[in-house]
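Please keep the sequence and the coordinates at hand while reading.

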Amino acid sequence: MKTLKQSIDDVARRIGRDIRLMEVCGTHTMVAFRTGLRQLLPDSVRLISGPGCPVCVTDASYVDAAVEICRRPHVTVATFGDLMRVPGSESSLDRERAAGASIRVVYSPSDALLLARESPSQHVAFLGVGFETTAPAVAWSIWRAARDHVDNFSVLCAHKTMPRVMDRLLRDQQIKINGFLCPGHVSVITGASIYQFICEQYKIPCVVSGFEAWDIMKSIAMLLSQLADGRAEVEIEYSRSVTEHGNKTAQRLVEDVFEPCDASWRGIGAIPGSGLAIRETYAQYDAAKALGVKFTEAHVNPLCRCGGVLRGVSTPLDCRLFGGACTPAHPVGPCMVSTEGTCAAYYKYEGVSA
Amino acid sequence: MCLAVPAQIVELNGTTATISVEGALREIDVSLVEEPRLGDYVLVHAGFAIHKWERSEVEELEAIRANTDLREVLR
């Protein structure tokens, strides 16, 4: 019986040209690096990383806003740990906490809500960052706060959604993508049908992949088979978790609390309809409104190439800061901060001089 | 951040469940999945079960993990 590697080699030979597959999800990026499977691919097949690390695509102006509110008396900022070290224009949450600001790292938005219940004299603002996977949990915390009248709780919302950013990447002439490894846990919520337009409009195959090395190799083999046959379909490799239409309960909750909005992606820019905003019904729980937060233009290091890395047009090795001024201990850009960031993956697994 | 882990429900109290991930216990919310039951395997993200796994799906993962020696799978 042929192994997966042999199948991939055979199909790649049959295709006979260079193929670029984008793994959209940051966790897929990490698995691909950690397990060394990139080295098992034939030279003609390249994996490029996409904009699927939530922290990496969060605009620096959002970090600035979080820093501003954490300095206020009677405000506690609750956040996922990933955001702590992301540099804003002149500070980070990590630095603010060291200076005495009230910042709590939580594992779940429900922990942030609990914190608000337990500290009635503080306003607890949760930093709502993440894709479709995370949005239902945050929607739940807002819905629950409204139901139980927890009025000292709010969410600074910067949730983003996948379809429009994938569309934007496909419109970018600089980026050549022959197939998408679609994010598995986003798809658990949304269902695989959200990628259908990519196959129909762009004739590009999509495979929703699981997170074991074997899953990713299998998904690559499936994408290559589609390319060899001239097909462009949505296929689900991760069928143990993903269906065509997803988790309806979670979708209804997200729909109840959020509405689509324009969102600003770090390094990519504003994309219409690519974000989630808190509906007017729940305005009281929108930190931007409840706390009167003003978003101002951020200043980031002009040498940082995270923007190009997130779009798949640069690799970290193209960046002058990589491995010198920018390391996991002293990150300059978000792709070095996050454990799922492409720069962090290159640094850890490819070596600085790779 | 989009990491999600499979876990088994070992205690259930309304929409709150205690899960075990390879023996490590943690409390989560199960209101996003339908009819959670004791012993069910769920996929957990940010403190919420987002999907319920059938027994056969758990076995599939176990089989993949048992084969994670890439030299065996990919030689």
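In what order do the strands of the open sheet with antiparallel pairing stand in chain A? The model in which this is to be answered is a predicted one.

## The antiparallel sheet

The open sheet is formed by three strands in the order S7-S12-S11 of chain A, and their pairing is antiparallel. Strand S7 (159-160) and strand S11 (258-265) of chain A are the edge strands, each with a single partner strand, so one side of each is left without a neighbour in the sheet. The antiparallel contact between S7(A) and strand S12 (residues 269-278) of chain A is made by two bridges, and within this pairing His159(A) has Leu276(A) of S12(A) as its bridge partner.

Two helices are found against this sheet. H6(A) packs on the sheet and touches S7, S11 and S12 of chain A, its direction making about 125° with that of S11(A). Helix H11 (residues 248-257) of chain A lies across S11 and S12 of chain A and runs at about 80° to S11(A).

## The parallel sheet

A further open sheet of chain A has four strands in the order S4-S3-S5-S6, and here the pairing is parallel. Its edges are strand S4 (103-105) and strand S6 (153-157) of chain A, each of which pairs on one side only. On average, and with direction ignored, neighbouring strands of this sheet are turned by 25° against each other. Strand S3 (residues 75-79) and strand S5 (residues 123-128) of chain A are joined in the parallel sense over four bridges, and Thr76(A) stands opposite Val124(A) in S5(A).

Helix H5 (residues 109-118) of chain A lies across S3, S4, S5 and S6 of chain A, running at about 170° to S5(A). Its buried residues are Pro109(A), Ser110(A), Ala112(A), Leu113(A), Leu115(A) and Ala116(A); the buried residues of H5(A) pack against S3, S4, S5, H6 and S6 of chain A, together with strand S5 (48-53) of chain B. Helix H6 (residues 135-148) of chain A, for its part, lies across S5 and S6 of chain A and runs at about 150° to S6(A).

## Cysteines

How many disulfides does the structure hold over all chains? There is one disulfide over all chains, formed by Cys53(A) and Cys56(A), whose sulfur atoms are 2.3 Å apart. The link of Cys53(A) and Cys56(A) is right-handed, with 70° about the S-S bond, and both Cys53(A) and Cys56(A) are buried.

Cys326(A), by contrast, is in no disulfide: the nearest cysteine sulfur, that of Cys343(A), is 6.3 Å away, whereas a disulfide requires sulfur atoms within 2.5 Å.

## Aromatic pairs

The structure holds six aromatic pairs over all chains. One of them joins Phe211(A) and Tyr238(A) in an edge-to-face arrangement, 5.7 Å centre to centre with 80° between the planes. Phe211(A) lies in the loop between strand S9 (206-208) and helix H10 (213-229) of chain A, and Tyr238(A) in the loop between strand S10 (234-236) and H11 of chain A, so the pair ties together parts that are 27 residues apart in sequence. Phe211(A) counts as buried at 13% relative accessibility, and Tyr238(A) counts as buried at 2%.

Phe322(A) and Tyr347(A) form an edge-to-face pair as well, at 6.2 Å centre to centre and with 80° between the planes. This pair links distant parts of the chain, 25 residues apart, with Phe322(A) in the loop between helix H13 (306-311) and helix H14 (334-337) of chain A, and Tyr347(A) in helix H15 (residues 342-350) of chain A. Is Tyr347(A) buried or partly exposed? Tyr347(A) counts as partly exposed because its relative accessibility is 28%, whereas Phe322(A) is buried, with a relative accessible area of 10%.

## Charges over rings

Within chain A, Lys160(A) lies over the face of Trp265(A), at 5.8 Å from the ring centre. Between the chains, the charged end of Arg26(B) sits over the ring of Tyr107(A), 3.6 Å from its centre.

Definitions and conventions:
Residues are numbered from 1 along each chain as its sequence is written. Chains are lettered from A and ligands numbered from 1 in the order in which they are written. This is a predicted model: local features need pLDDT of at least 70, side-chain atom pairs count only at pLDDT 80 or more; totals for chains, interfaces and linings use all residues. Side-chain values use heavy atoms; hydrogens and water are left out. Two strands pair if DSSP finds at least two bridges between them. Axes are lines fitted to C-alpha atoms, for helices over the stretch in contact, and angles run from 0 to 180 degrees between N-to-C directions. Contact means heavy atoms within 4.5 Å. Buried means under 20% relative accessible area, exposed over 50%, partly exposed in between (1.4 Å probe, protein chains only). Rings of Phe, Tyr and Trp (its six-membered ring) pair if their centres lie within 6.5 Å; planes under 30 degrees apart count as stacked, over 60 as edge-to-face and the rest as tilted. A charge sits over a ring if NZ of Lys or CZ of Arg is within 6 Å of the ring centre and within 35 degrees of the ring normal.
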